[in-house]
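Here's a quick walk through one model, element by element. Have the viewer open as you read.

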Number of protein chains: 2
Amino acid sequence: MVSLLHIDPASPGPLHERIAGSVRRAVLEGEFAPGDTLPAARDLAQTVGVNINTVLRAYRDLRDQGLIDLRRGRGATVRDGAVSRARLDGLADQLLAEAAHLGLTPADITHLLNERKSHESR
Amino acid sequence: MVSLLHIDPASPGPLHERIAGSVRRAVLEGEFAPGDTLPAARDLAQTVGVNINTVLRAYRDLRDQGLIDLRRGRGATVRDGAVSRARLDGLADQLLAEAAHLGLTPADITHLLNERKSHESR
DNA sequence: ACCTATTTGTCCGTATGTATG
DNA sequence: CCATACATACGGACAAATAGG
């Protein structure tokens with residue numbers, strides 16, 4: 001049994017998103033290394049106190065983001081490169097949050113990124 | 001009322017995948033242009049004879065693939081560039097299917113793609 | 001090599017919530 | 001305030017992979 005993942009019950013946002021966030025953070029902090037197997041969805045669901053499908057939804061999202069592999073009978077395993085992916089996701093979230101806080105539209109953000117890119121290529 | 005999307009009941013694969021495939025094909029064939037609104041999930045679910053969540057699952061996947069926008073209260077609308085995305089997805093599926101038919105592993109496919117890339121850059 | 005019980009994710013459905021117009 | 005339409009969470013049946021004998 002491994003807890004390692006404690007989900008704050010009084011934080012904002014959907015459950016599956018908080019769970020995915022916790023896993024992402026755990027990977028980022030090295031609690032799970034590439035190749036490691038995450039807790040089985042059923043187990044994590046029980047320890048956290050949510051339905052298995054909610055955890056599975058989080059796992060599936062993480063898989064779509066390229067962070068983990070998900071195979072029935074085996075479980076969820078951390079993919080190579082997951083750490084850098086997680087770091088990128090974290091930075092992206094940060095950027096988006098700051099931008100939203102400043103009232104920037106998606107178009108503004110796109111424009112800003114293109115600006116930075118053209119700088120970088122000099 | 002708009003049918004336009006007929007899902008073959010006797011084809012292989014999960015329902016949500018077949019539905020997503022139908023929508024993708026419809027967009028590809030120009031039955032829905034960028035900006036158009038897709039049938040409401042409930043309606044499509046009823047005409048097809050499945051649960052609304054199965055359709056919503058398909059819609060969400062298509063959104064994650066960048067094909068449509070999904071906003072609650074409004075509906076699902078085809079995004080700009082959806083046609084080319086759909087075409088790419090179609091080609092990718094074709095390539096993967098052929099490769100699988102030849103018994104190629106994912107690693108083989110990656111290798112093959114890298115080969116082609118190096119050719120192209122000459 | 002075989003079988004079968006367990007583990008573990010996949011899929012579809014039901015009910016309720018919540019933003020939009 | 002009401003109707004619309006997607007979003008979220010949960011429940012149960014199922015199938016693939018695996019482990020033991």
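## Ground rules

Helices (H or I, at least four residues) and strands (E, at least two) are DSSP runs, numbered from the N terminus. This is a predicted model, where local features need pLDDT of at least 70 and side-chain atom pairs count only at pLDDT 80 or more, while totals for chains, interfaces and linings use all residues. Residues are numbered from 1 along each chain as its sequence is written, and chains are lettered from A and ligands numbered from 1 in the order in which they are written.

## Chain A at a glance

Reading from the N terminus, chain A goes α-α-α-β-β-α-α, so the tally is five helices and two strands. Of its 122 residues, 17% are buried (20 or more other C-beta atoms within 10 Å of a residue's own; 12 or fewer is exposed, in between is partly exposed; C-beta atoms are placed from the backbone).

As for contacts (C-beta atoms, placed from the backbone, within 7 Å), take those in chain A with a separation of 6 or more: 53% of them join residues 24 or more positions apart.

## Helix 3 of chain A

Helix 3 of chain A covers residues 52-64, and its 13 residues reach 18 Å from first C-alpha to last, close to the 18 Å expected (1.5 Å times one less than the number of residues). Its buried residues are Val55(A), Ala58(A), Tyr59(A) and Leu62(A). They sit on the same side of helix 3 of chain A because they cover an arc of only 95° around the axis, going by the directions from the helix axis to the C-beta atoms.

What covers those buried residues? The cover includes helix 1 (15-28), helix 2 (41-48), strand 1 (68-71) and strand 2 (75-78) of chain A. Just after helix 3 of chain A, Gly66(A) has a positive phi of about 80°.

## Helix 2 against helix 3

In chain A, helix 2 and helix 3 pack at about 120° with their axes 8 Å apart (axes are lines fitted to C-alpha atoms, for helices over the stretch in contact; angles run from 0 to 180 degrees between N-to-C directions). That makes helix 2 of chain A oblique to helix 3 of chain A; angles under 35 degrees count as roughly parallel, over 145 as roughly antiparallel, 65 to 115 as roughly perpendicular and the rest as oblique. Residues making this contact include Leu44(A) of helix 2 and Tyr59(A) of helix 3.

Over in chain B, helix 2 (residues 41-48) and helix 3 (residues 52-64) pack at about 120°, axes 8 Å apart. Among the residues that meet there are Ala45(B) in helix 2 and Val55(B) in helix 3.

Key
Contact = placed C-beta atoms within 7 Å.
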